[in-house]
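User: Hi! I am new to reading structures. Could you take me through some of the terms used for this one?

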Amino acid sequence: MRFSEEFEARFSEMLTHYPTKRSALVPTLLYAQDEVGSLSDEVIAELARRMDLTELEVRNVISYYSMLTTKPRGKYNVQVCTNIACMLRGGEELLEHCEKKLGIGHKGTTPDGLFSLEEVECIGACSWAPAAQVNYDFHENLTNAKMDQVLDEYGNKLNH
Amino acid sequence: MASLVSHPDEVRVISKRFGQGATNIDRYLELDGYKAVQKALAMQPDAIINEVKNSGLRGRGGAGFSTGMKWSFVPKQSAKPKYVLCNGDESEPGTCKDRLIFEHDPHAVIEGVMIAALAVGAHTGYIYVRGEYRYLLVIMQKALKDAYAKGILGKNIFGSGYDLDIYWHGGAGAYEVGEESALMESLEGKRGIPRIRPPFPAIVGLWGGPTVINNVETLAAVPHIIMGGADWYSKLGTPKNGGTRLFCLAGNLNKPGVYELPMGYNLKKMIYEVGGGIPNGRSLKAVVPGGSSTPVLLPEEIDVAMDFDSVAKTGSMLGSGGVVVLDDTACIVKFALRTMKFYRHESCGWCIPCREGTDWLEKTLIRFHSGGGVKKDIDNMYYLSENMLGKTFCPLGDAAAMPTMAFVKKFRKEFEDHLDGRPCPFEKEGAPQQHAVMAH
């Protein structure tokens, strides 16, 4: 199991930040997932070994956090917020629009593996609602037309 | 990147450096950065605590507890190391203020943590940034690195002989981790299950050591208090509610945005003048004054000073500063349902009243909103919520129950209008239906 040099440097540094190894677990899981695409059995085994935990202990932590996943997602994970502030400004309609455009539902992935869709809870963009995140990028004050543009841009990225 | 707004009534303390390029450490220093920590280094720890106490600064995460008082609970002598933990797991629906502080003034957060550490005698601090805020974690990582490179953090800070380390930490998506004991569990690499209190974190916190936990905005206010003085800061607000606050105006408003206003600013004015009023000629139906956990206010209740004590008198709470405005096209039953869907999704399941209560309430509200409600559901929802109050390790159960009780109590007629199989009176044709259950 190999991670990038950047990952390894960050991981070694993080271990010096805490009195216990496992304290680095939550951020490390997310960084590992970003590199591998999901928290595969292999990743879990490797991180458990490094942190002196059982695989079960690692899985137990993974299942608590909504951003962590053991199943691969599309290259671009489209996360549409429908919580109260977004709902009042069309968040649900936006989600429905994305479902139609991508042809997938909540937690679905397009057959080409390019997009996943997720209805998410508040992402902290309430004053700029409705909002969505594609991977870690925020897109705010969205309309259906703006969302189309955003999705097209991500779709085109791959062709270059 | 979130866009900035402005209004003439704003009093810029926390947001003074927004849009000024202060993520750059040299620019931050130019704008009087890291002067407060040097001033604090010359003060006795008790003098720092007293200054913060006298400033009337109260927890901006939502609970509104006196910050200086919180610091004073940390024992002077401790066999175990002491810690300062900055809570940047902002996720209360309606709230998006810490995001701006991290984005525009990360060094102010670091400086606030430093001063808190000096006040309680801690040599280690952590800044926890929610997982979704990756770009802000990157900003914070660089800010910390730059502070170390300049010798502002590390050994012997400013030649004082005091060693101080501050580290970043990233979350991975969990509302409940914004609760202080769950936050510590998360930082220790575990599920964010809350701890029973007492003992409080000030006595037994991170890895068993005394720990001060403060919100990002609270800590970002501290350097300004040290520089400007308790007297100046307290006078910006109302009695016992010192300073200013970042209010996140959201929902059906012409000019939503994050505005820094004095504590005690009138809510009605905030909605109609600062927020530009209700769009499309609609009228005001209700306001959630401080994030989704706070009980809803009716239009006749909004002539209120937005400080902790005045809002408490209305039976609601100032909360986290997230003001969500509903116009008269909004369906309260649907709004209550979406609120409950959130709490059901975020409940960790540790405490039965919260785990079962949020699930039952969500199911009842889904059925009710789709026309399958019966009259006794209305009282049952209130009764169920009432029985969740105060019966859980962390306040998530209360946070779900309190708004539900207010929705039922204040909008009973609207609940009744959904009875007898009638379609929701507010549903627009072809509107998407609420998904029955969102997968965990």
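Analyst: Happy to! One thing to keep in mind is that this is a predicted model. What covers the buried residues of H2(A) includes helices H1 (5-15), H3 (41-50) and H4 (55-62) of chain A, along with strand S3 (165-170) and helix H8 (180-187) of chain B.

User: Why is H2(A) called largely enclosed by the rest of the structure?

Analyst: A residue counts as buried if 20 or more other C-beta atoms lie within 10 Å of its own. In H2(A), 9 of the 12 residues are buried, so the helix is largely enclosed. Among the buried ones are A:Leu25, A:Pro27, A:Tyr31 and A:Gln33.

User: How do you know that the reach of H2(A) is close to what is expected?

Analyst: The expected span is 1.5 Å times one less than the number of residues. Helix H2 of chain A, residues 25-36, has 12 residues and reaches 16 Å from its first C-alpha to its last, close to the 16 Å expected. Just after H2(A) comes A:Gly37, with a positive phi of about 105°.

User: What makes up the contact between the chains, and which element gives the largest share of chain A's side?

Analyst: Chain A brings 41 residues to the contact and chain B brings 54 residues. On the side of chain A that touches chain B, H2(A) supplies the largest share, 5 residues. By class, that side has 23 nonpolar, 10 polar and 8 charged residues.

User: Which domains does chain A have?

Analyst: The domain assignment gives domain 1 (5-62) and domain 2 (76-157). Their centres, taken over C-alpha atoms, are separated by 29 Å.

Note on methods: Residues numbered from 1 in each chain as written. Chains lettered and ligands numbered in written order. Predicted model: local features only at pLDDT ≥ 70, side-chain atom pairs only at ≥ 80, totals over all residues. Helix = DSSP H or I, 4+ residues; strand = E, 2+ residues; numbered from the N terminus. Contact = placed C-beta atoms within 7 Å. Nonpolar A, V, L, I, M, F, W, Y, C, P; charged D, E, K, R; others polar. Domains from an automatic or database assignment.
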